[in-house]
Amino acid sequence: MARIALVTGGQRGIGAAISEHLQKNGRTVVASYAGNDEAARAFTERTGIPTYKFDVSDWDQCAAALKKIEAEVGPVEILVNNAGITRDNTMKRMDRKAWDDVIDTNLGSCFNLCKLVWDGMSSRKFGRIVNIGSINGQAGQYGQVNYAAAKSGIHGFTKALALEGARASITVNAIAPGYVDTEMVRAVPPDVLEKIIARIPRGRLGTADDIARGVAFLTADEADFITGSTLSINGGQHMY
Ligand code: NDP
């Protein structure tokens, strides 16, 4: 039986590439999203991958969605916590809501979904969890105290949970992408983006496929001995 993978934010951007790579590798994939119905519809039409709409920062919505997914598709054996947002501003201008939204969506979501799949993975003695961090959680970034804190938190969360899962063959790893050509990065002003690319030794932005290949590697059944690690995929921009 094909293993079931849930990819949050899995219908566009990096998440869509992750969903499609896992599907190509023979997984039964389910993608979640927040509100972009049009992207979800187009994605399902193109790939046949079902999408579920719920807010990953909201515990009750996550619990209800997991129940539905497990009833309609089956138990989640591979979880990719990919959904994320930015609400950039300097400390002087950042309000409390921008802080809470980014922490809750990018980091709180990892708690919500890992907690909801944990008992099942533990009792079945198999699980693959990949949390999508960021180069900016490793190195910091001007105007991103909220995002850098959330992503840095993901890296600590990953290592701690890996210790708890190890005896049950649940691996927990993180990927720290560098700058990837998606809508999130296209929102960066062109002059700033040019300077960012100039600092990438590989000389280009990453692609969503660059990240998806890392997820496919870490979620393979054979990747049993890799846990608690952070895989940096950043064109050599930050060697951590
Ligand atoms: P996009 O903005 O292209 O897509 C974000 C995805 O997350 C969408 O599917 C969106 O759903 C979903 N999402 C956002 N908020 C929520 C929520 N509250 N509940 C459920 N789903 C939600 O992002 P990217 O593809 O660029 O980024 C994917 C991940 O990679 C993120 O965690 C990001 O931080 C990380 N990353 C990205 C980098 C980059 O250069 N792009 C670099 C480093 C890390 P919907 O479409 O419905 O809004």
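Predicted model: local features only at pLDDT ≥ 70, side-chain atom pairs only at ≥ 80, totals over all residues.
Visitor: Why is α1 called a helix?

Guide: A helix is a DSSP run of H or I with at least four residues, and a strand a run of E with at least two, numbered from the N terminus. Residues 13-24 give α1 12 residues, so α1 meets the helix cut-off. Its C-alpha span is 17 Å, close to the expected 16 Å, which is 1.5 Å times one less than the number of residues.

Visitor: How do you know whether α1 is mostly covered or open?

Guide: A residue is buried if 20 or more other C-beta atoms, placed from the backbone, lie within 10 Å of its own, exposed if 12 or fewer, and partly exposed in between. In α1, 10 of the 12 residues are buried, including G13, I14 and L22; α1 is therefore mostly covered.

Visitor: What makes up the shell around the ligand?

Guide: α1, β2 (28-33) and α7 (183-186) each supply at least two of its residues. Of the 30 residues around the ligand (C-beta atom within 6 Å), G9, G13, A34, N36 and G84 come nearest.

Visitor: Which element has the lowest mean pLDDT?

Guide: On this confidence scale from 0 to 100, α7 has the lowest mean, 82, and strand β4 (residues 78-81) the highest, 99. The protein averages 97.

Terms used:
Residues numbered from 1 in each chain as written. pLDDT = per-residue confidence, 0-100.
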